[in-house]
Amino acid sequence: MTTRTTPAAAAGTWTLGDLTVNRIGFGAMRLTGSVAFGPGVPGDRDRSIGVLRRAIDLGVDHIDTAAFYFSSRLSANELINRALAPYPDDLVITTKVWPARDPSGAWWWATPEQLRGQVEENLRQLGRDHLDVVNLRIPPSRTTGSIADHFGALAELRDAGLIRHLGVSNAKPEHLAEAQAIAPVVCVQNPLGIGTPAEERELLHRCGEQGIAFVPFFAIAGAGRESGATSAEHPQVLAIARAHGATPAQVRLAWTLRLGPHVLAIPGTGNPDHLEENVAAGTLRLSDDEMARLQTVSSSSPASRT
Ligand SMILES: NC(=O)c1ccc[n+]([C@@H]2O[C@H](COP(=O)([O-])OP(=O)(O)OC[C@H]3O[C@@H](n4cnc5c(N)ncnc54)[C@H](OP(=O)(O)O)[C@@H]3O)[C@@H](O)[C@H]2O)c1
């Protein structure tokens, strides 16, 4: 597969199974409103569709989504379908299953038998006949438990041709090992950004050693998590941003990309200007000295975003 020379290609490519993607991708969670789940300002349909189309123009060929990304008026999957179908041949859409939200927005978690229904819901909403990558998104209640029954059910759906490749999300090293004993894993999607303690980076390194993509989320939002980025920013991030004529969000993204060639960024935004900035972050190269300075930034530091 040939890679177009586009802004999103500036940070290089990685391969998810047999699917090549630019390392700068896009997360669809913010398309549906200002707050990912719960009360917030619902997103603007036309603006979100414009963001998706512009992302493709900029060369984004890896979009992360979920059927449970919806607000009172918008569904991320349906926006993707409306904006981008018929899909470009090289577009890789990654989704995730296990959590779900009922029409009122309340959360529930699928049994292994219910995962097929969740996969089919994604197929319907996206208007596809197979899903490129499906992450098993592990619930907090399974932090220490087995995921074998759920991952085994997804592996069967992969064998049946509904899914091309599998990943895990919110995973611990034990989860990855357990999943790999069942079927190949092409990516791990976990929270990670400047300030993530070193002891929480074991999977980042393990993925690098094994040639598995590590796909961090909350790389910009940091401690703001689902509530999103705040205007408060750490002085080190600000100083490095100023030195490059870049924004703090770009420094945060560039930091993740420097962690290894297997790291794929999926910044989330519903804002067209932020999309341009985020894709352009692929050209920002941080020096070893800057990486060392950012190493000292703690996510819980009073000076950092809270
Ligand atoms: N597997 C999981 O459990 C899981 C959990 C969370 C997220 N995800 C995925 O990961 C993706 C990324 O996570 P995320 O969207 O929560 O966090 P993020 O990419 O770290 O940050 C998004 C937040 O930062 C803001 N933002 C984005 N670009 C910006 C820029 N250039 N300047 C200033 N602010 C900017 C966004 O607001 P604006 O919309 O105003 O730009 C939003 O508040 C999601 O979209 C989703 O696809 C997966």
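## Two spots in the loops

Let's begin in the loop between β11 (213-217) and α7 (235-244), where Phe218 is found. Keep in mind as you look that this is a predicted model. Phe218 is not a glycine, and its phi is positive, near 60 degrees.

What kind of peptide bond joins Ala85 and Pro86? The bond is cis, with an omega of about -5 degrees.

Now for the helices. Two packed helices are described by the angle between their axes and the distance between the axes.

Start with helix α1 (residues 45-57) and helix α2 (residues 76-84), whose axes cross at roughly 60 degrees and come within 9 Å. The crossing of this pair, α1 and α2, is right-handed. On the α1 side, the residues that touch α2 are Arg45, Ser48, Ile49, Leu52, Arg53 and Ile56. They meet Leu79, Ile80, Arg82, Ala83 and Leu84 of α2. Sorted by class, this contact of α1 with α2 holds 7 nonpolar, 3 charged and 1 polar residues.

## How α3 and α4 meet

Next, find helix α3 (residues 115-126) and helix α4 (residues 148-159). Their axes come within 10 Å, and the crossing angle is roughly 50 degrees. Are α3 and α4 parallel or oblique to each other? At that angle, they are therefore oblique. The crossing of α3 and α4 is right-handed.

Which residues make the contact? From α3 come Leu115, Arg116 and Val119, while α4 supplies His150, Ala153, Leu154 and Leu157. The contact of α3 with α4 counts 5 nonpolar residues, along with 1 polar and 1 charged.

## How α5 and α6 meet

The next pair is helix α5 (residues 173-180) with helix α6 (residues 202-210). Here the axes cross at roughly 35 degrees and come within 10 Å. In α5, look for Pro173, Leu176 and Gln180; these meet Glu202, Leu203, Arg206 and Gln210 in α6. The contact of α5 with α6 is made up of 3 nonpolar, 2 polar and 2 charged residues.

## Around the ligand

Finally, visit the ligand. How many residues surround it? There are 28, and the closest are Arg30, Asp64, Ser169, Thr269 and His274.

Thr269 uses its side chain: one of its N or O atoms is 2.5 Å from a ligand oxygen. Ile220 takes part through its backbone, with a polar atom 2.7 Å from an oxygen atom of the ligand. Met29 also uses its backbone, where an N or O atom lies 3.2 Å from a ligand oxygen.

Conventions
Residues numbered from 1 in each chain as written. Predicted model: local features only at pLDDT ≥ 70, side-chain atom pairs only at ≥ 80, totals over all residues. Heavy atoms only, no water. Axes fitted to C-alpha atoms, helices over the stretch in contact; angles between N-to-C directions. Helix = DSSP H or I, 4+ residues; strand = E, 2+ residues; numbered from the N terminus. Parallel < 35°, antiparallel > 145°, perpendicular 65-115°, else oblique. Left-handed = near helix turned anticlockwise from the far one by under 90°. Contact = heavy atoms within 4.5 Å. Nonpolar A, V, L, I, M, F, W, Y, C, P; charged D, E, K, R; others polar. Near = heavy atom within 4 Å. Polar contact = N/O pair within 3.5 Å; in protein donor to acceptor, adjacent residues only side chain to side chain.
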